[in-house]
Amino acid sequence: MTETPSIAPAPSRSGSETLAVRASGVDRAFGGVQALRDASFAARPGEIHALAGENGAGKSTLIKVLCGVIRADRGAVEIFGTEVTRVVGPAARRRLGVATAFQELSLLPDLTVAENLLLHDPPRGRLGLVRRGRLAPVAREVLRRYGVDDIDPRAAAADLSVAQRQVVELVRVLAGEPRVVILDEPTAALPDRQVEWLARHMRRLRDDGCCVVFTSHRWREIEALADRVTVFRNGTRVATRERLSEAEAVTLMSGRSFAGAYPTISARPTDESALRVSNLSGGRLRGVDLDLRRGEILGVGGLAGQGQRDLFLTLFGARRAEGGTIEVDGRAVTVRSPKDAIRAGVGIAYVPEDRKAEGLFPPLSIRDNIATATLSRRATAGFVNRSAERVAVASIVDQLRIGAGRSTSGAADTLSGGNQQKVVMARWLLTDARILLLFDVTRGVDAATKHDIYELVDTLAARGKAILYHSSETEEIAHLCHRVLVLREGRVAAELAGPVGDAERIVAASIKESQDA
Amino acid sequence: MREALRRVSLGYLVLAATAVAYLVVYSSRLGRFPTSFDYLSILNTTLPLVFVAIGQSLVVLTGGIDLSVGGIVSLCVAVTASTVSTSALWLVAVLALGAACGAVNGLIVAYGRIAPILTTLATLSVFTGLALRVLPVPGGSIPPQVRHVLTNPATPTGLIWLGLAVAGWLVLRRTRFGMRVYAIGSDEASARAVGVPAAAVKLKVYALAGLCAALAAVFYVSTTTSGDANAGAPFILTSIASVVVGGVAFTGGRGSALGAVAGAVALTLVIDILFFAGIDPLYQSLFQGLFLVVAVLLGTVAALAARRRRPA
Amino acid sequence: MSRRVLYALAGTTAVLLVGAILHPGFASWSSLRVMLVVASFTGFVAAGQMLVVLVGGIDLSIPWVLNGAAIVLTTSSLGQTSRAPLAVVLALGVGALVGLGNGFGVAWLGVPAVVMTLGMNGVMQGLTLGLSKGLTCASCGSYAPSPLRGLFSGAVPGQLFLWGGVALLMTVLLTLTTFGRRVYAVGVNPRAAFLSGVGVRGVTVALYTLSGVFAALAGIALVAYGGQPSLGLGDPYLFESIAAVVVGGVSILGGRGHYLGVIAGSVTLVAVTTFLAAQRVPEYGRLMIYGLVILAILFAYGREKAHD
Amino acid sequence: SDAGSPAATDDAAGGGKIKIALSNSFIGNQWRVEMENVYKAACAMPPYVDEVECSVFNAGNDVSTQSRQISNLISQGVDAIVVNAASTSGLNGVVQQACDRGIVVVSFDNVVDNTCGLTVNTDQVKFGQQLAQFIVDELGGQGNVVMVTGVAGTGADNDRNKGAKEVFAAHPGIKVVATYTGMWDSATAQRATSGQLANLPKVDGVWVSGGTDGVIKAFAAANRPMPVVGGEAENGFRKYMAGLLTPKVNGMSIGQPPFLSVISLELARAVVKGEHPKESVTIPFPVATSDHMVPGETVFPDLPDSFFADFTDSGPNATVVLCQEAATDGTPCPGKTLDVKLGTP
Ligand SMILES: Nc1ncnc2c1ncn2[C@@H]1O[C@H](COP(=O)(O)OP(=O)(O)OP(=O)(O)O)[C@@H](O)[C@H]1O
Ligand SMILES: Nc1ncnc2c1ncn2[C@@H]1O[C@H](COP(=O)(O)OP(=O)(O)OP(=O)(O)O)[C@@H](O)[C@H]1O
Ligand SMILES: O[C@@H]1[C@@H](O)[C@H](O)OC[C@H]1O
Ligand SMILES: [Mg+2]
Ligand SMILES: [Mg+2]
């Protein structure tokens, strides 16, 4: 992780006139939403080109237009000088050497890792028939080439962890020997170690003359990797630069400026215990103890897949506990389902990271989305009190600045990713729960919104909420949390007093063998 | 994939269990084992369902469902029975007709973007209407030569056709097309995103299902020796049942056509078991219904157990 | 009101208009009244079908739940007015019980809806045939209890008021209550609904139960209408209910649709059938045109989102 | 003995009895119920109770199921199979196999095409003709007629429709304004008729293949003038004809006798025993008209409307005489030996 504030020098090969991808004057609307407006973009072979912008700026839409998943309403798209504006379908782009990893993972869950990797070019024998027996060995070879031989090529994709899936997805894209690689938020689901791994391969591709385009909300990565950055705002390109400081970038993206990446946490934990867990087991948990106090932000860190998710889900009743006890405000409780957890007497809320699968009701209105967890609070004899609902939703929408003044009766799927995440947050804030389980809630969220969320977390803690906080960005945990628990193999392997400040310390504790709390 | 294997083998397990039950009930009832007559007649009466079930399983593997197989079978039965010709060309024409009907479904589903169950509900009505137009009154015939080759009641020619069907599937499974069928059923949007030409693949799948229905029709006419414009109706639900018993997941992407074949045979055997067990025929559908649910329940339990073992 | 409901209503109007132009008297009250009554049976069944479709399910057990309830009604009422209330309750109870069974299988045992309800249809068929020994009514007089028969007389038959009641109930339930909100949430994203504290299983069970009740209600109405049940009474209503639901603009994928649309769908289907019969189109033509009309309607507003 | 379960006794106990199975396509209406009931009743009465081991199967109107059942009957080694077929053509293959094995196959009501078997039936074409002729005569050759047909694809339906259409076509003054199926079922026929009626011109005559009382009720409910009716032998229809229900209907009622199953049983038995040559039997169908209604004989005021009134033959030359319990409950007629006259071939 380099600290250099400037971008690496432009590639030497830039003499060649051909552009790898070029979009000019592209418009694209979804219903009433103008996602791209006279957008232009160009990237050269042999460079790593970052696309930056707030949630909803149009990055993913541009990528989809570039790789043919959707068609532009207006404008032109060229790949290596070939005009492909009217050609739809990733299949056609693939033939031109374009490979894409989308923001939403696109592995096929029922297929094996091998089948996923070799879908387009499986090993074939006589008569051109697929040699099914060769699939796994060939795939293993590919995985080995990318240094990820811990993944079993015969495992179904659905059986992999999110991080593993992301890795396989990336291997699939990289291994096709593409001339253009487009990665939409490739690191959002990757633990730090794999981010390094990915960076290595992106650089190698670049050095081989490939054009690499990627998006990220983590400035650190953009700084470290990109040869050039293009910033989008409101569907339009506002700048393309070789050098850009984070502060400048944030201003370009949002029109706002921030004092620093992380706010100073003002909340102070009390002595009152809000949630006490002892010897909790089930799933990957092998006896977890923790004591979360009111007003405290308690971080949960560790390498990916050490039981963090199971801990959150079990506390929320979405997963069965096999042993151990949970006390809320000093009283033992049994949480058998999320319904139990939400109940006023318990008051636990869980905000998931994977909004597509666990949070959102895409076609339902923003209002319905926000109201779901608290329906019966505003109902008499089963009938919804609509005006009460409107009022409640309106205030939380204001507070979180959701959807830039859009009507709350619009469908939630017209919002950008970050705004969708805020909708899910809003649902849980409305429950007025005293214990908040925030699981990687800033994943895929833009800098400005992230900042908003950090401040929100601080405010909530200051109001006496107890917050259990997990993030795949260790640095976040290091800066935001009063205390950090490091999980390893389903147990609390270390407890660090916070703010830790330096992510390396958490990482070190995650790996170190014998350190007890 | 391991789970897929488990599901498929469940279809075989169900078949094995029903086969054993059949043998037990038969022999304890009649004091002897089934004869070649029994095996042959089971084979010949099941063949049409076997073919429809193979087609249905292809569609279900892509996450769809085909209710129109009933109409396609009816139409092809009507055409087969009302044309008297021994030329192979005529049989090919019937098969082409079935494939064309299937392709119509495929076009509407893949390019018209109408849900499979709705598309095929509508075309079911259209195809059945056409069948009635072709053969308003049951009848017609099939040349004895053709019958001799397809479902000779005296020799097991049916086995050859069954063998070819199985081989056909095994080949299909080993093509890139076969892999794509599973990819689409697993997650169509993702498959599309990674460059699987989903529309084209689905078009082919529905056309193949139509072809299978036409094959079924030809065998149907061959076993019954004449035609009926309503012949296809019962195949709608029985083919779905076969697919289900055969362990093909209704969400698509998991299972195999061979499982569906096993399911089809098992369903036929259930009729026979009930017959020889002396179950009051009025109660027959009760047991068939229970059989269906229990078979699938076993599958679900197995899958659940598998998921328990899988890390979260 | 959602766009799809408007489309469905427009579709109905169009069919009636075309009918009235080509066949004078087609849209007269006497003709409409009959069509509405005939459509009401579909409307009842489709109410249940719609509820399960809203959560991405399907109910294939409708034919024999309907039939079973019809036979329970006749055999327990024996045509006597005094026994009518009990008989109606029993028949609805059978529907509820079977629906509960479906819901349990789907929600708790994880059996796919297609399988569970298809199997249940067989179970009900076997039980109905077996227990009644094939007799639709062994010892009863010929009539459905007379208060029930009364549902179909009068300028505006009571049956239509009953349908209106069902419509009101469905609309209120789905749009104004917390239950309705939960239904749509479950239909769109069951996992997210569960994590939002919705009792997904409870909701699912409730919906299948209601579907059974509505099928039974249709069975009762059909007995009242025809004066007697028959075996196979429910057969036409399986595909018809699905067709009415989608012609009514309910998304087969779940999460979207309103009962008002389903009413429009039921009337459209019956109007098409009646019109074709009135034009003396032969059976084969009727089948083909019926299918084509459904296709046309689907093309007009039943398409899935474009993939782009 | 429970005729509902096949092969109620095994070979040892069955001794010298011959085995005769009834394979019925579906049990979807009252006629079929009565047909099976009288068959079961006959099996429980002498001489059949001593000579024949009976069994009954229903196939849910599914040709392949019926075909499987017949195959299994062949395996079981029955001596004769009595069939009411789901399809005139669909069973040809399996019936041939039965014949090839020397099994006597008798099809009745909805008969099988395959000529290797025997048939027992009334003349179905004439059935259709005679009802149509009655309507034409009553209307003086002028008027609008509606045809309500039976279960499509079955033999009886085809033949009756054929007969009726011939007659109507021969009279230019007669216009067939609607044809639709009532599935041989009163409730279905009523629903179908109600649906059509609003859009029909004045209807002068109705020809019904089955479900007649339902059709009449639909006319009554719609307050339409009652047409001349030619229909089946449902008790309800007869009640209207007799004036027991209003309005009184002018009609002709021809009953397809449910006891065809008993006659088929007798033919099968006699052929197996070598007492009768291998020849098909055609019996006359009983005809009743409005001016000839006899309570307790042609009409039963206390029985349901959908009940088929001609469960027994009557008169001095009666083919077979059965009691009411046989038809309603399938129980043997007290103290009787059945005497089925197959007529002299
Ligand atoms: N399928 C869609 N239907 C309606 N609106 C959409 C759709 N997809 C995107 N949008 C809208 O288009 C705009 C651009 O969205 P896009 O996904 O391109 O943003 P992004 O820059 O990728 O944001 P993020 O960083 O959150 O991923 C947003 O306002 C979004 O709400
Ligand atoms: N078996 C059932 N039959 C009928 N209705 C049911 C059944 N089970 C649940 N319901 C209804 O389904 C709805 C949702 O059930 P659920 O258990 O989620 O309610 P709940 O979450 O306890 O409601 P609340 O949030 O008001 O406490 C409720 O309106 C309930 O009345
Ligand atoms: O022959 C007909 C019989 O097959 C049917 O079941 O009932 C009515 C009769 O007319
Ligand atoms: Mg994006
Ligand atoms: Mg509650």
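Me: In which strand of chain D is Asn58(D) found, and is the residue buried or exposed?

Reply: The model is a predicted one. Asn58(D) belongs to strand E2 of chain D. Since buried means under 20% relative accessible area, Asn58(D), with a relative accessible area of 6%, counts as buried.

Me: Which side chain does Asn58(D) contact, and at what distance?

Reply: The side chain of Asn58(D) makes a polar contact with the side chain of Asn24(D), at 3.1 Å.

Me: How should I read the sheet of chain D, and in what order do the strands stand?

Reply: As a general idea, the strands of a sheet pair through backbone hydrogen bonds, and the pairing is either parallel or antiparallel. In chain D, six strands form an open sheet with parallel pairing, in the order E2-E1-E3-E4-E5-E11. Strand E2 (52-58) and strand E11 (281-282) of chain D are at the edges; each has a single partner strand, so one side of each lacks a neighbour in the sheet.

Me: How many bridges join strand E1 to strand E3 in chain D?

Reply: Strand E1 (residues 18-24) and strand E3 (residues 80-84) of chain D run parallel and are joined by five bridges. As one example, Ala21(D) has Ile81(D) in E3(D) as its bridge partner.

Me: Which residues surround ligand 3, and how much of its accessible area does the protein cover?

Reply: The shell of ligand 3 includes Asn29(D), Trp31(D), Arg32(D), Asp109(D), Trp184(D), Ser209(D) and Gln256(D). Asn110(D), Arg160(D) and Glu232(D) also surround ligand 3. An N or O atom in the side chain of Glu232(D) is 2.4 Å from an oxygen atom of the ligand. The corresponding distance is 2.8 Å for the side chain of Arg160(D) and 3.2 Å for that of Asn110(D). On its own, ligand 3 has 270 Å² of accessible area, of which the protein covers 100%.

Me: Why is the site of ligand 2 described as shared between chains?

Reply: The site is shared because residues from chains A and C surround ligand 2. Chain A is represented by Lys339(A) and Ser376(A), whereas the residues of chain C include Phe179(C), Arg182(C), Gly199(C) and Gly202(C). A polar side-chain atom of Arg182(C) is 2.6 Å from an oxygen atom of ligand 2. For an N or O atom in the side chain of Lys339(A), the distance to a ligand oxygen is 3.0 Å. Gly199(C) has a polar backbone atom 3.1 Å from an oxygen atom of ligand 2. The protein buries 51% of the 610 Å² that ligand 2 exposes when taken alone.

Me: Which elements give two or more residues to the shell around ligand 2?

Reply: They are helix H8 (178-188) and helix H10 (200-226) of chain C. H10(C) gives the most, with four residues.

Me: Where does Ala52(A) lie, and how far is it from Ala249(A) in sequence and in space?

Reply: Ala52(A) is in strand E3 (residues 48-53) of chain A and is buried, at a relative accessible area of 1%. Sequence separation and spatial distance are read separately. Ala52(A) and Ala249(A) are 197 residues apart in sequence, and their C-alpha atoms are 8.3 Å apart.

Me: Which residues make the nonpolar surface patch of chain B?

Reply: Phe287(B), Leu290(B), Val294(B) and Leu298(B) make a patch of about 340 Å². Phe287(B) is in helix H13 (residues 284-309) of chain B and counts as partly exposed, at 33% relative accessibility.

Notes: Residues are numbered from 1 along each chain as its sequence is written. Chains are lettered from A and ligands numbered from 1 in the order in which they are written. This is a predicted model: local features need pLDDT of at least 70, side-chain atom pairs count only at pLDDT 80 or more; totals for chains, interfaces and linings use all residues. Side-chain values use heavy atoms; hydrogens and water are left out. Patches are made of residues with over 30% relative accessible area and no salt bridge: like charges are joined within 9 Å, nonpolar side chains (Val, Leu, Ile, Met, Phe, Trp, Tyr) within 5 Å. Accessible areas come from the Shrake-Rupley method with a 1.4 Å probe; for residues, only the protein chains shown count as cover. A salt bridge is a side-chain nitrogen of Lys or Arg within 4 Å of a carboxyl oxygen of Asp or Glu. Buried means under 20% relative accessible area, exposed over 50%, partly exposed in between (1.4 Å probe, protein chains only). Two strands pair if DSSP finds at least two bridges between them. A residue is near a molecule or strand if one of its heavy atoms lies within 4 Å of it. A polar contact is a pair of N or O atoms within 3.5 Å; within protein, one must be able to donate a hydrogen and the other to accept it, and residues adjacent in sequence count only if both atoms are side-chain atoms.
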